[in-house]
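User: I would like to learn how to read a ligand site and a sheet in a model. Can we go through them feature by feature?

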Amino acid sequence: MQEEIWMVIMKRLNLLIMLLILFIGQAEAKDVFKPYELWPDTDGLHINAHGGGVLSHGGLYYWYGEFKDRGSKANYGIACYSSKDLYNWKNCGIVLKVGSRGSEIEKGCVMERPKVIYNSKTKKFVMWFHLELKGRGYDAARTGVAISDKATGPFKYIKSYRPVAGHWPVDLDKDKRQALSKAEFAAITAGKEHWQLGKTEYLLQRDFTEGQMARDMTLFVDDDGKAYHISASEENQTLHICQLSDDYLSFTGRYSRVLIGQSNEAPAICKYKGKYYMLSSGCTGWAANEARSAMAKNILGPWKPLGNPCRGVNPHNKLGPEKTFGAQSTYILPVSGKDGAFIAMFDIWRPSNQRDSRYLWLPAIIEDGRLIVQWQDQWDLSWFDGDKSGKDSK
Ligand code: GAL
């Protein structure tokens, strides 16, 4: 008798599971972006690729991001989704898996803001990401690199760095090229907070031998094929823009300090008509702050701050430019085939349930030498066609 009841329960369960799969599997094809809302993949599940970046390669887009659980630690690794049209994304699984015990990327470490670039000389896909070692909070401030033959992985973890150890930035005066031991640093800066040191060279000099700190990061490949690793360094006070080696797997040692002492995080870079534009945030952890933008004629600088690039208001949370619509930047994606059309990618973080964090993809253009990011409740790529001025209604 008990066995029969059990069989009935099992049958009902199977039916329920099949119905669920059918229901979820029939995710409708999309042709619009709906910033802030849940964004189902082609299986009907909210895309799980936070702090991400997008690579355009061979006619497809690949979106790489942090695969989040409820918390923010890496329990699985880096996820990848692919798309033909930027609206509909197919889950390609975890392309860089967390490692086993003792590995630098073991389960429970922090793997954030992964970005992937393609090296046309070596024909390899190269991923860099912000790495914090397990059990050490955000102290390690390292950047990790992984490699793959295919965009969809599997990526093989190579190693992590404190970048440019033993090198001085190109823009540092000769008389300041003086490394400090930890004891010397402590004596000089006694009683001062990091933010009080941002305009000085002390943090840079302290980390000269060990290598510079690297937290929030992005990658940028220039027209000449040279790639750059851009990261929040010097206790998040100053960004470093570091040239990568020809195979994109290490640093050449050529780098600059950018927006010195201005506490930028979440950097994202694009290039238009020979000029470089940067989108970034301030440093308030998961809480939103005011976005910033900057422009440079040379990627290594000098970078000129150009203020908040955001326009409009997010009706879901009533937040506007003063809080970046409740979001934080992660990447600027050039739209293939549309000159001057960019998508500014942001995350709305949900620290109490990180996998439910939302995405804001908003249209971005360069207008009068400035980056402009325009809020839209709902939009599609035709936004970039024709006159955009009438669309800046909010
Ligand atoms: C943010 C950063 C995120 C994450 C978070 C942790 O400022 O942009 O990527 O590191 O802090 O609090």
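User: How far is a polar side-chain atom of Arg-113 from an oxygen atom of the ligand?

Analyst: Keep in mind that this is a predicted model. A pair of N or O atoms counts as a polar contact within 3.5 Å. Here a polar side-chain atom of Arg-113 sits 2.9 Å from a ligand oxygen. Gln-328 also places a polar side-chain atom 2.9 Å from an oxygen atom of the ligand. For Asp-216, an N or O atom of the side chain is 2.5 Å from a ligand oxygen.

User: How much of the ligand does the protein bury?

Analyst: Taken alone, the ligand exposes 310 Å². The protein buries 89% of that.

User: Which residues surround the ligand?

Analyst: The shell consists of Glu-112, Arg-113, Tyr-138, Asp-216, Glu-265, Gly-285, Trp-286 and Gln-328. By class, four of the shell residues are charged, two are polar and two are nonpolar.

User: Now the sheets. How do strands of a sheet pair?

Analyst: Strands pair through backbone hydrogen bonds, in parallel or antiparallel fashion. One case here is an open sheet of four strands, ordered 13-14-15-16, with antiparallel pairing.

User: Which strands stand at the edges of that sheet?

Analyst: Strand 13 (265-272) and strand 16 (303-307) do. Each has a single partner strand, so one side of each lacks a neighbour in the sheet. Direction ignored, neighbouring strands are turned by 25° against each other on average.

User: How many bridges join strand 14 to strand 15?

Analyst: Five bridges link strand 14 (residues 275-281) and strand 15 (residues 292-296), which run antiparallel.

User: What phi does Gly-301 take in the hairpin of strand 15 and strand 16?

Analyst: Gly-301 takes a positive phi near 105°. That hairpin has six residues between the strands.

Methods: Residues numbered from 1 in each chain as written. Predicted model: local features only at pLDDT ≥ 70, side-chain atom pairs only at ≥ 80, totals over all residues. Heavy atoms only, no water. Near = heavy atom within 4 Å. Polar contact = N/O pair within 3.5 Å; in protein donor to acceptor, adjacent residues only side chain to side chain. Areas by Shrake-Rupley, 256 points an atom, 1.4 Å probe, with all protein chains shown as cover. Nonpolar A, V, L, I, M, F, W, Y, C, P; charged D, E, K, R; others polar. Pairing = 2+ DSSP bridges. Helix = DSSP H or I, 4+ residues; strand = E, 2+ residues; numbered from the N terminus. Axes fitted to C-alpha atoms, helices over the stretch in contact; angles between N-to-C directions.
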